[in-house]
Amino acid sequence: MAGFKCGLAHFFLQHTSASLTINENYDSDVRDDTETFLNRVVPEGMSAPWKHTLEGPDDMPAHIKSSMFGCTLTIPITDGKLNMGTWQGIWLCEHRDAATPRRIVITLNGM
């Protein structure tokens, strides 16, 4: 990326039970509050209304949470660096109770 004066970095997460998003990356309370919100909006467990439970009671909620945030990001590159705000960070959001390895494809375009 250091060779790019101006360009774009595209991030694609190859999974349906995790997501990518940009958010404040300084105060860990933001992560905790985001998780609290997601768990209230998309409940887990045997009392939740989901039919798809083949991979466990956390699987369908993980798919819904993934769809809410998405699996792609496009970020500008300026002078060889991601051009993000001071407090911004890229979050890889794991929505399953037991994390599994995740793969992200990164494509760089520019000059």
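Predicted model: local features only at pLDDT ≥ 70, side-chain atom pairs only at ≥ 80, totals over all residues.
Glu94 is partly exposed, with a relative accessible area of 28%. Side chains of opposite charge can pair when their charged atoms come close. The count of salt bridges in the model comes to six.

Next, select Arg96 and Asp58. Their side chains form a salt bridge of 2.9 Å, N to O. Asp58 lies in the loop between helix 1 and helix 2 and Arg96 in the loop between strand 5 and strand 6, so this pair ties together parts that are 38 residues apart in sequence. Arg96 is buried at 17% relative accessible area, and Asp58 is buried at 6%. Salt bridges with shared partners join Glu55, Asp58, Asp59 and Arg96 into one network.

Move to helix 1, residues 28–41. Which of its residues are buried? They are Val30, Thr34 and Leu38. Looking down the axis of helix 1, you will find its buried residues within an arc of 65 degrees, so they line one face of the helix. An α-helix has 3.6 residues a turn, so residues three or four places apart point the same way. Show strand 2 (18–24), helix 2 (59–69) and strand 5 (88–94) to see what the buried residues of helix 1 pack against. On the face turned away from the buried side, select the exposed residues Asp33 and Arg40.

Last, select Met1, Leu92, Ile104, Ile106 and Leu108, which make a nonpolar surface patch of about 400 Å². Strand 6 (residues 104–110) gives the most to this patch, three residues. Ile104, in strand 6, counts as partly exposed at 36% relative accessibility.

Definitions and conventions: Residues numbered from 1 in each chain as written. Heavy atoms only, no water. Patch = residues over 30% accessible without salt bridge, like charges linked within 9 Å, V, L, I, M, F, W, Y side chains within 5 Å. Areas by Shrake-Rupley, 256 points an atom, 1.4 Å probe, with all protein chains shown as cover. Salt bridge = Lys/Arg side-chain N within 4 Å of Asp/Glu carboxyl O. Helix = DSSP H or I, 4+ residues; strand = E, 2+ residues; numbered from the N terminus. Buried < 20%, exposed > 50% of the residue type's maximum accessible area, 1.4 Å probe, protein only. Expected span 1.5 Å × (residues − 1). Arc of directions from axis to C-beta. Contact = heavy atoms within 4.5 Å.
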